[in-house]
Amino acid sequence: MHKLGENLKKYRTNRELTQEQLADVLGVSAQAVSRWENGSTYPDITLLPTIAGYFDISIDEIIGFDNTRKEERINAILKENRIFHSNGETRKSIKLLRQGLIEFPNESRLLYCLAQSLYSLHFQSGEAFTKEDRRKAATETIGLLNKALYYANENFDEGGCCRQMLVFNYLEIGEYEKAKEVAMKAPFIPCCREMLLPHTLKGREATEEYQKNIIYFMVGLYHNISDLRIRSEYSDEEKIEISLMAEQLLLLIGGENSGFHQLFSNALQILKLYIKNENKEKTVQYLEKALKYADNFEKRPDKTKYDVPWLCFCENNSQNRMKHSQKNLYEDLLTFISNYGLENWLKEDDYFMSTLKKIKSYC
């Protein structure tokens, strides 16, 4: 704790407090604070959480914990969190990150990741939560994201993601004007990092950056298309056409074996439209496609490369995926079949029954 006195004086003077004022806050004498600051004595260990909490910093920061060790500890937490996400263990992620934030309460990366996990659990996992539970989760997430942005340094890579999640969470609680305000502060696409950075690089490094951008922009374009097809201005036939175009986009960019989760999600949206229009033939056809896309996603190797030359330097790593629950896509597909009563509707179709048997064998 050799830097405690130096740090304590720094944080006290930053707050423009006298030693007497800080002593009153902590319930000690001004002489005690003076001795702490000159290094002749140290505060009782039970006082450290109170001191850290008052200055809104971690205990590590107040005692001068080695930055290298701190970074190693944070990186270890983030690594463990990625494993939880890749396995759909969102509740374990939340528990891990809450514990991490006890150690490092102002660490932007941990704040962002906790917000991400809370949003994943309450709005993307498919679990049943009350409207009030969702509102509480969104409100907590907004607080975490704003705190992450407040404490972020200039190298905080999640800044854009924080703002994106802020928009979504404000929308969840009906704060449309606040969502719009945050969205308007986001960089215009031609001026964003992804558009500018490759021009500053050379050789393979630049090529890799361009390739990563193809995936980023593809995902963004897909979500625009996905949101477009739910608009009331379109007929079911037009929505099907839009969805088929989205499928072709994903296949064009990633190839047949990309393992993109979006191909599976898109197939389910197409299935809903065919079911609504009672098109049994197309329903059976796209159920088989949904199974194929689930297969590509679930059986993707831990580390491989994409088949297409424009993504040849990008790692198609299953460990980097984010699952919102522990269910696999086969189970999601079986739930979909059950929810829409397809087993009864298509029980006379041998091809459907064969596909259903395959799906059940994977569950």
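User: Hey, which residue forms a salt bridge with Arg-193?

Analyst: That would be Glu-194, with the closest N and O atoms 3.1 Å apart. Keep in mind that we're looking at a predicted model.

User: Is Glu-194 buried or exposed?

Analyst: Glu-194 counts as buried, since its relative accessibility is 18% and the cut-off for buried is under 20%.

User: How many salt bridges turn up in the whole structure?

Analyst: A search of the whole structure gives 18. Among them, Arg-231 pairs with Glu-233, with 3.9 Å between the closest N and O atoms.

User: And how accessible are Arg-231 and Glu-233?

Analyst: Arg-231 is partly exposed at 46% relative accessible area, while Glu-233 is exposed at 57%.

User: What about Asp-332, which side chain does it meet in a salt bridge?

Analyst: Asp-332 meets Lys-327, at 3.7 Å from N to O. Asp-332 is partly exposed, with a relative accessible area of 25%, and Lys-327 is partly exposed too, with 35%.

User: Which residues are linked in a network of salt bridges?

Analyst: Glu-71, Glu-107 and Arg-109 are linked that way.

User: How accessible are Cys-161 and Cys-363?

Analyst: Cys-161 is partly exposed, at 28% relative accessibility. Cys-363 is partly exposed as well, with a relative accessible area of 43%.

User: New topic: which residues form the nonpolar patch on the surface?

Analyst: The patch is formed by Ile-189, Met-195, Leu-196, Tyr-216 and Phe-217. Together they have about 470 Å² of accessible area.

User: Which helices each supply at least two residues of that patch?

Analyst: Those are α12, covering 193–196, and α13, covering 203–228.

User: Then where is Ile-189?

Analyst: Ile-189 is in the loop between α11, which spans 176–184, and α12.

User: Is Ile-189 buried or exposed?

Analyst: Exposed: the relative accessible area of Ile-189 is 54%, and the cut-off for exposed is over 50%.

Key:
Residues are numbered from 1 along each chain as its sequence is written. This is a predicted model: local features need pLDDT of at least 70, side-chain atom pairs count only at pLDDT 80 or more; totals for chains, interfaces and linings use all residues. Side-chain values use heavy atoms; hydrogens and water are left out. Patches are made of residues with over 30% relative accessible area and no salt bridge: like charges are joined within 9 Å, nonpolar side chains (Val, Leu, Ile, Met, Phe, Trp, Tyr) within 5 Å. Accessible areas come from the Shrake-Rupley method with a 1.4 Å probe; for residues, only the protein chains shown count as cover. A salt bridge is a side-chain nitrogen of Lys or Arg within 4 Å of a carboxyl oxygen of Asp or Glu. Helices (H or I, at least four residues) and strands (E, at least two) are DSSP runs, numbered from the N terminus. Buried means under 20% relative accessible area, exposed over 50%, partly exposed in between (1.4 Å probe, protein chains only).
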